[in-house]
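Subject: Structure handover

Hello,

Please find the structure below, followed by notes on what was found in it.

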Amino acid sequence: MQTVLSGIRPTGNLHLGNYFGAVKNFIKMQEDNNCFFFIADYHSLTTHPKPDSLQENVKKVLSEYLACGLDPEKSTIYIQSDLPQVAELYLLLNMNAYVGELERTTTFKEKVRKQPENINAGLLTYAVLMAADILIHNAHKVPVGKDQEQHLEMTKKFARRFNQIYEVEYFNIPEAYNFGSELVKVPGLDGTGKMGKSEGNAINLIDEPELIRKKVMKAVTDAGPTSQNQPKPEPIANLFSLMKLVSSKETIEFFDEKYNSCQIRYGDMKKQLAEDIIIFTTPIRERILNIYNDNDYLKKVAQTGKEKAFASGGKTIKEVREIIGFKTF
Ligand code: ADP
Ligand code: TRP
């Protein structure tokens, strides 16, 4: 069985793009892999969150992922800072990570541009901590989005380098988990581009029905088709793409037919889309709220995850220490 690992940043709320682009695949992955999902709270310290908001965000993200279907019985779900072995591996890997290569990381260069007032060493070594996350469980596969590909490449490099320096074949060289044809890009409601937190165009799983209706009704459309069967411009194609995720086949065919015969009323289509999104998100929203308010359950999940992560991470760090040459007297 393959070990698959994913790190989740504790920022903001999950939106439909996250769900259909990532979380839905995570849920499936759990069935036939040894999965580790952790909340990357050490990583989030690079932006200096306040203690209360750090805890709050971890709790929120954990509740949301559990509500979507990450299953603590099938997977190891834990909080990064509950596994201090990861900090030790990070320290050890840092000794073989060169400042030059870290400075060339795209995400680091971007931070230097965007937040010149806070270029801390944690940002510089972000990729080393991520490598430690992956290597601490000797993961085979890591599902990553485009923006994380370079970090995964660096993990491979650090793993190979460690093996070379110590003349061992200890670390697996992790590969990207490829969802292949299952990868979808969820569009935003503003006409072009994808749905995203920073794009400010997202429908969150936790959004109340009224808010969802408001957001969908504001979606960009056009003056309507003027000739039969004409191709759909991007904003309209996007509405149909969203429908494909949440609506029935009949509903999609109905509006497709209306579009092709130039009889479509976008207001009707949006109303239907909003209601179908609400039908989809309501049970998830209710589960999020229940889980969020159930501290005992969250505590139990975190504790179980911590124990399982400890067993795996503890073994790795013990072996790595031996390889490096640390010995007890
Ligand atoms: P955001 O900051 O918009 O929430 P992230 O960059 O943190 O998104 O992405 C988290 C995960 O969700 C990634 O695996 C990414 O590929 C996926 N994701 C985010 N937005 C979309 C989208 N619109 N369509 C498909 N997948 C998405
Ligand atoms: N850097 C990832 C992100 O920004 C989160 C992350 C931290 C991660 N450690 C990881 C992802 C290990 C995969 C594996 O989304």
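By class, the residues around ligand 1 divide into four nonpolar, five polar and four charged. This is a predicted model, and every value in these notes is computed from it.

The shell around ligand 1 holds 13 residues, and the closest are H15, N18, V186, M195 and K197. An N or O atom in the side chain of N18 is 3.1 Å from an oxygen atom of ligand 1, and for the side chain of R9 the corresponding distance to an oxygen atom of ligand 1 is 3.3 Å. The backbone also takes part: an N or O atom of the M195 backbone lies 2.7 Å from a nitrogen atom of ligand 1. Ligand 1 exposes 540 Å² when taken alone, and 75% of that is buried by the protein.

Ligand 2 has its own set of surrounding residues, among them L5, G7, F38, A40, H43, M130, I134, V142 and Q148. The side chain of R9 places an N or O atom 2.8 Å from an oxygen atom of ligand 2. For Y126, a polar side-chain atom lies 2.8 Å from a nitrogen atom of ligand 2. The side chain of D133 likewise has an N or O atom 2.8 Å from a nitrogen atom of ligand 2. Taken alone, ligand 2 exposes 360 Å², of which the protein buries 94%.

R9 therefore deserves a look from both sites, given that a polar contact is a pair of N or O atoms within 3.5 Å: its side chain comes to 3.3 Å from an oxygen atom of ligand 1 and to 2.8 Å from an oxygen atom of ligand 2.

On to the domains. The assignment gives domain 1 as 3–184 + 294–324 and domain 2 as 209–289. Their centres, taken over C-alpha atoms, are separated by 36 Å. Seven residues from domain 1 and eight residues from domain 2 make the contact.

How much area is buried between domain 1 and domain 2? The figure is about 720 Å², and carbon and sulfur atoms give 82% of it. On the domain 1 side, L16, F20 and A67 lose the most area to domain 2, together 65% of what that side buries. Between the two domains there are zero salt bridges, and one residue pair is in polar contact across the interface.

Regards

Key. Residues numbered from 1 in each chain as written. Chains lettered and ligands numbered in written order. Predicted model: local features only at pLDDT ≥ 70, side-chain atom pairs only at ≥ 80, totals over all residues. Heavy atoms only, no water. Near = heavy atom within 4 Å. Polar contact = N/O pair within 3.5 Å; in protein donor to acceptor, adjacent residues only side chain to side chain. Areas by Shrake-Rupley, 256 points an atom, 1.4 Å probe, with all protein chains shown as cover. Nonpolar A, V, L, I, M, F, W, Y, C, P; charged D, E, K, R; others polar. Domains from an automatic or database assignment. Contact = heavy atoms within 4.5 Å. Buried area = accessible area lost by both parts, 1.4 Å probe. Salt bridge = Lys/Arg side-chain N within 4 Å of Asp/Glu carboxyl O.
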